[in-house]
Amino acid sequence: MTVLDSRPDRPADGERTGAGGHPGVLISSGGVSMTAVEDLGAGRGPAWLDAWLLANAADVQAWFRHVHANPELSRQEFGTTELVAGLLKQAGLQPQVMPGGTGLTCDIGTGDRCVALRADMDALPLTEATGLPYAATAEGACHACGHDAHTTILLAAGLALASVADELPGRVRLVFQPAEEVMPGGALEVIEAGGLAGVERIFGLHCDPRLEVGRVGTRVGAITSATDLLELHLTSPGGHTSRPHLTADLVHALGTVITGLPALLSRRVDPRSGTVLVWGAVHAGEAPNAVPRDGLLRGTLRTGDPTVWADLQPLVADLVQSLLVPTGVGYDLHHRRGVPPVVNDAQSTVLLEGAVTAALGPAALTTTKQSSGGEDFGWYLEEIPGSFMRLGVWPGEGPMRDLHQPTFQLDERALLTGIRVMTHTALAALTA
Ligand SMILES: [Zn+2]
Ligand SMILES: [Zn+2]
């Protein structure tokens with residue numbers, strides 16, 4: 001496999017990718033100091049990747065800081081899309097912006113075989129409180145989930161791969177996805193737009209603030225959980241509380257569902273699945289002596305088990321019906337399915353683990369636990385096999401600043417470890 005061989009004759013390819021020569025537009029904004037990022041995988045090869053990173057590490061950091069300083073909320077990622085598309089075009093590639101105007105895909109190389117690498121691009125509606133010199137200045141948007149790093153890593157891995165495009169044994173599709181932070185998530189738009197057409201396997205990563213930089217966590221099976229939203233509207237003719245037998249007692253019916261549905265679920269679903277229903281909102285009535293005419297109940301239903309998730313909707317519908325029919329109230333149940341768990345395929349995970357070891361050495365690899373959070377990468381894995389990994393971004397000392405907090409920040413060395421791992425993953429999957 002040519003591109004994996006050491007090729008010291010090849011020059012650093014900054015000129016050809018367009019990445020080395022003209023990043024001034026990015027660096028010029030706001031006194032960013034361009035200290036080089038340490039490359040924890042330096043010298044591990046292949047030689048062209050070492051050379052590309054050496055030549056472009058400062059640009060990688062500049063792109064990251066630019067995206068970080070300019071966060072965009074879900075489906076508003078126009079500037080980020082333009083930046084990524086522009087740099088890919090400079091490298092002679094042909095990015096395809098998605099129909100909604102944010103997000104893009106881009107193929108590198110030629111041939112029938114195709115594997116995909118995915119990044120998400122959106123920020124969260126929080127105001128940054130890191131105090132970093134390149135912190136986002138606008139209120140109400142910040143990259144507290146590390147999608148700025150995901151975007152930068154994929155962009156750089158793509159440009160590095162583009163420097164050896166002619167020698168790739170197939171195509172690598174870069175998927176820059178919009179709107180991961182909202183339900184049901186931009187992954188469905190990518191799939192609808194044909195983003196997975198012809199793709200054998202797909203891989204992605206997420207920053208992990210509890211894992212030290214230089215390390216990567218993998219797992220076979222479910223690595224995140226499913227989250228559904230439940231909304232139940234109840235109706236009754238209403239009436240005097242002295243005569244409940246002449247109407248339907250709506251508040252009593254609400255109470256029956258509030259306690260009854262979680263209780264029944266706990267007896268109908270395998271308790272090892274981590275399935276939990278928690279109500280977050282309940283509204284009904286005003287006067288102490290009047291039966292209200294309508295009521296509302298809202299909550300989230302989570303599970304760590306994909307087979308349980310597949311059966312939850314009809315089960316919940318059945319149980320709600322059994323609880324409410326005897327009460328005589330009318331009801332309307334909205335069960336909005338959120339995202340499925342991300343279920344990592346065994347074979348893809350073996351490929352991924354091989355790539356991590358090749359990219360960063362055997363000590364980099366660790367296993368990771370299933371989280372109860374959601375991640376819309378799960379939609380891709382409902383279509384094709386693949387694997388999702390956790391990228392260590394904790395500096396190794398000091399506090400572990402959690403995701404979805406305005407204080408979240410990452411060790412920039414993780415940008416380079418991420419690029420190395422993503423690049424190796426694409427090569428491993430194409431040669432499998
Ligand atoms: Zn998030
Ligand atoms: Zn995220």
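Let's start at proline 262, which sits in helix H7, residues 250-268. A word on labels: helices (H or I, at least four residues) and strands (E, at least two) are DSSP runs, numbered from the N terminus. Proline 262 is partly exposed, because 17 other C-beta atoms lie within 10 Å. The cut-offs: 20 or more other C-beta atoms within 10 Å of a residue's own makes it buried, 12 or fewer makes it exposed, and partly exposed is in between, with C-beta atoms placed from the backbone.

Some ground rules. This is a predicted model, where local features need pLDDT of at least 70, side-chain atom pairs count only at pLDDT 80 or more, and totals for chains, interfaces and linings use all residues. Residues are numbered from 1 along each chain as its sequence is written, while chains are lettered from A and ligands numbered from 1 in the order in which they are written.

Now the overall view. The C-alpha trace spans about 90 × 45 × 40 Å along its principal axes. The chain has 432 residues, and 50% of them count as buried. Its secondary structure comes to eleven helices and 16 strands. Take contacts between residues at least 6 apart in sequence: 82% of them join residues at least 24 apart. Contact here means that the C-beta atoms of two residues, placed from the backbone, lie within 7 Å.

How is the chain divided? Domain 1 takes 2-224 + 344-431, and domain 2 takes 226-339. These bounds come from an automatic or database domain assignment. The C-alpha centres of the two domains lie 41 Å apart. Where they meet, eleven residues of domain 1 contact eight residues of domain 2. On the domain 1 side, four of those residues are nonpolar, five polar and two charged.

Next, an open sheet. It has eight strands in the order E1-E2-E4-E3-E5-E16-E6-E15, with mixed pairing. Two strands pair if DSSP finds at least two bridges between them. Strand E1 (96-97) and strand E15 (365-367) are at the edges with a single partner strand each, so one side of each has no neighbour in the sheet.

Look at strand E3, residues 114-120. Seven bridges join E3 to E4, and the two run parallel. Valine 115 has valine 172 as its bridge partner in E4. Alanine 119 stands opposite phenylalanine 176, also in E4. Is E3 mostly covered or mostly open? Covered: seven of its seven residues are buried. In a regular strand, side chains alternate between the two faces of the sheet. On one side of E3 are Cys114, Ala116, Arg118 and Asp120; on the other are Val115, Leu117 and Ala119.

Helix H4, residues 78-90, lies across E1, strand E2 (104-108) and E4, at about 15° to E2. Helix H5, residues 147-162, touches E2, E3, E4 and E5, and its direction makes about 150° with that of E3. Axes are lines fitted to C-alpha atoms, for helices over the stretch in contact, and angles run from 0 to 180 degrees between N-to-C directions.

Now a record. An unreviewed UniProt entry lists Cys145, His147, Glu181, His206 and His404 under "binding site". They span 260 residues in sequence, but no two of their C-alpha atoms are more than 12.9 Å apart, so they gather at one spot. UniProt positions are given in the numbering used here, feature names are shortened, and annotations may be inferred rather than shown by experiment.

Take two of these. Glutamate 181 is in the loop between strand E4 (171-177) and helix H6 (187-192). It counts as buried because it has 20 C-beta neighbours inside 10 Å. Beyond neighbours within four places in sequence, glutamate 181 contacts Ser74, Asp122, Leu124 and Cys145.

Histidine 206 is in strand E5, residues 201-212. With 26 C-beta neighbours inside 10 Å, histidine 206 is buried too. Its contacts, again leaving aside neighbours within four places in sequence, are Gly146, Glu375, Phe388, Arg390 and Leu391.

Last stop: strand E8, residues 226-235. Ten bridges join E8 to strand E12, residues 294-303, and they run antiparallel. Glutamate 231 has arginine 298 as its bridge partner in E12. E8 also pairs with strand E13, residues 330-339, in the antiparallel sense over eight bridges. There, threonine 227 stands opposite valine 339.

Note on methods:
Nonpolar A, V, L, I, M, F, W, Y, C, P; charged D, E, K, R; others polar.
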